[in-house]
Amino acid sequence: MAPKQTTDSDFQTDVLEADKPVLVDFWAPWCGPCKMVAPILEEISEEHGEKIQVVKLNTDENPQTTAKYGITGIPTMNVYVNGEVVKTLVGALPKPKLLRELEPYLG
């Protein structure tokens, strides 16, 4: 299951009201590190999609949500559980590190 694209208008439904943990990738098309982490997030979505949903938010096109969560550097990945941010990861992390950080939500 490929990561879902969300927007300012869909964020409430796609992320905050989700019935499982959601990893939101705040990214932009011009961001080199974002391009590096994208295939890793696709793999995580394929391998662990039944436990955690991966959602992407283009920061250029969705300034409201980006500002609301204080995203100043990308890629930033927030994990949301029951509508709350429970973990923030910044930078293009390698897959083993990302999986270690996400382990509590993949159980």
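Two residues are in contact here when heavy atoms of one lie within 4.5 Å of heavy atoms of the other. The model shown in these close-ups is predicted.

**View 1. Helix 2 meets helix 4.**
From helix 2, the residues Val 37, Ile 40, Leu 41, Glu 43, Ile 44, Glu 47 and His 48 take part in the contact.

**View 2. The largest nonpolar core, with 15 residues.**
Leu 23, Leu 41, Met 77, Leu 98 and Leu 102 are the members with the most contacts inside this core. Helix 2 (32-48), strand 4 (76-81) and helix 4 (95-106) each give two or more residues to it. Another core, of 11 residues, lies apart from this one, and its members include Leu 16, Ala 18, Val 24 and Ile 71.

**View 3. Leu 102 and its contacts.**
Which residues does Leu 102 touch, leaving aside its neighbours within four places in sequence? They are Leu 23, Ile 44, Ile 52, Val 79 and Leu 89. Leu 102 also belongs to the group with the most contacts inside the largest nonpolar core.

**View 4. A disulfide between Cys 31 and Cys 34.**
How many disulfides does the structure hold? There is 1, and its two sulfur atoms, in Cys 31 and Cys 34, are 2.3 Å apart. The link is right-handed, with 80° about the S-S bond. Both Cys 31 and Cys 34 are buried.

**View 5. Ser 45 and Pro 39, two residues of helix 2.**
Is Ser 45 buried or exposed? Ser 45 counts as buried because its relative accessible area is 2%, and the cut-off for buried is under 20%. Leaving aside neighbours within four places in sequence, Ser 45 is in contact with Met 1, Ala 2, Pro 3 and Val 54. Pro 39 has a relative accessible area of 40%, so Pro 39 is partly exposed. The C-alpha atoms of Pro 39 and Ala 2 are 10.0 Å apart, although 37 residues separate these two along the chain.

**View 6. Glu 17 in a loop.**
Look for Glu 17 between helix 1 (11-16) and strand 2 (22-27). Glu 17 is exposed, because its relative accessible area is 52% and exposed means over 50%. From Glu 17 to Pro 33 there are 16 residues in sequence and 29 Å in space, C-alpha to C-alpha.

**View 7. The cis peptide bond of Ile 74 and Pro 75.**
Here is a bond to look at slowly: omega is about 0° where Ile 74 joins Pro 75. Pro 75 sits in the loop between helix 3 (63-68) and strand 4. For background, most peptide bonds are trans, and most residues other than glycine have a negative phi.

**View 8. Asn 82, with a positive phi.**
Asn 82 is not a glycine, yet its phi is near 55°. This residue belongs to the loop between strand 4 and strand 5 (84-90). Why is Asn 82 called exposed? Its relative accessible area is 66%, and the cut-off for exposed is over 50%.

Conventions:
Residues are numbered from 1 along each chain as its sequence is written. This is a predicted model: local features need pLDDT of at least 70, side-chain atom pairs count only at pLDDT 80 or more; totals for chains, interfaces and linings use all residues. Side-chain values use heavy atoms; hydrogens and water are left out. A nonpolar core is a set of buried Ala, Val, Leu, Ile, Met, Phe, Trp, Tyr and Cys residues joined through side-chain atoms within 4.5 Å. Buried means under 20% relative accessible area, exposed over 50%, partly exposed in between (1.4 Å probe, protein chains only). Helices (H or I, at least four residues) and strands (E, at least two) are DSSP runs, numbered from the N terminus. A disulfide is a pair of cysteine sulfur atoms within 2.5 Å.
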